[in-house]
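Please look over the sequence and the structure before reading on.

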Amino acid sequence: MTAPERVPRWVPGAAVPASLELYVCQVDPAWIDYNGHMTESAYLYAFGEASDALFRYVGIDEAYRAAGRSFYTVETHLNYYREAAAGEPLRFASLLLDLDEKRLHLFHTMTHGGEGRVLCTTEQLLVHVDMAAARAASITPAVRAALAAIVAAHAARPRPAEVGRPIAIRRKP
């Protein structure tokens, strides 16, 4: 697997792209399952890499984590639409849906990097933590400002249909 590209850091006042695409990769052969396509855990792993690119963009890096701060995922919903095979290019778009003092609600879309078709989506709720105290903590001002700028820039975008969707067996009447 190749190392992730260096992600530029957001600076106050900078415009935020409507489509925030910070991570691209190729399907690693190690991600392929016995059915010949990406295993379900690999989708989640790849989305984690997209989240890490977003975190670097807003200023969460090794120094931030070394200071004892991070985001932990508390809920994830994945929707699988199409298969991906070894070596295929993947592209990720991040949409920030909401933010408060300690939580971040985001949505990533994984598309085929060449054809543009949607392969998978994830909706996630994350909490900012003080790792030494092992509890939720306020997001630092600089990171919160960056996240707030992205949330504001994304506010006019339509909410994906998958957001907030419950998991259930839908029965016909």
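## A charged residue at the outset

How far away from E162 is the nearest side chain of opposite charge? That side chain belongs to R165 and is 5.6 Å away; Lys and Arg count as positive and Asp and Glu as negative, while His and the chain ends are not counted. E162 is buried yet has no salt bridge. Buried denotes under 20% relative accessible area, exposed over 50%, and partly exposed the range in between (1.4 Å probe, protein chains only). A salt bridge requires a side-chain nitrogen of Lys or Arg within 4 Å of a carboxyl oxygen of Asp or Glu.

E162 is placed in the segment after helix 3 (141–154). Residues up to four places away in sequence aside, E162 touches N79, Y81, F107, T121 and E123, where contact means heavy atoms within 4.5 Å.

## Basis of the model

The model is predicted: local features need pLDDT of at least 70, side-chain atom pairs count only at pLDDT 80 or more, and totals for chains, interfaces and linings use all residues. Residues are numbered from 1 along each chain as its sequence is written, and side-chain values use heavy atoms, with hydrogens and water left out.

## Overall architecture

The chain contains 3 helices and 6 strands, arranged along the sequence as β-α-α-β-β-β-β-β-α. Helices (H or I, at least four residues) and strands (E, at least two) are DSSP runs, numbered from the N terminus.

Of the 173 residues in the chain, 42% are buried. Among contacts between residues at least 6 apart in sequence, 72% join residues at least 24 apart.

## A buried serine

S70 belongs to strand 2 (residues 69–80) and counts as buried because its relative accessibility is 10%. Neighbours within four places in sequence aside, S70 is in contact with Y64, R65, V127, H128, V129 and M131.

## Salt bridges

The structure holds 5 salt bridges. One of them joins the side chains of R9 and D61 (2.6 Å, N to O). R9 lies in the segment before strand 1 (20–26) and D61 in the loop between helix 1 (40–58) and helix 2 (62–66), so this pair ties together parts that are 52 residues apart in sequence.

The side chains of E21 and R91 also meet in a salt bridge (2.9 Å, N to O). Because E21 lies in strand 1 and R91 in strand 3 (residues 89–99), the pair ties together parts that are 70 residues apart in sequence. E21 is partly exposed at 39% relative accessibility, and R91 is partly exposed at 35%.
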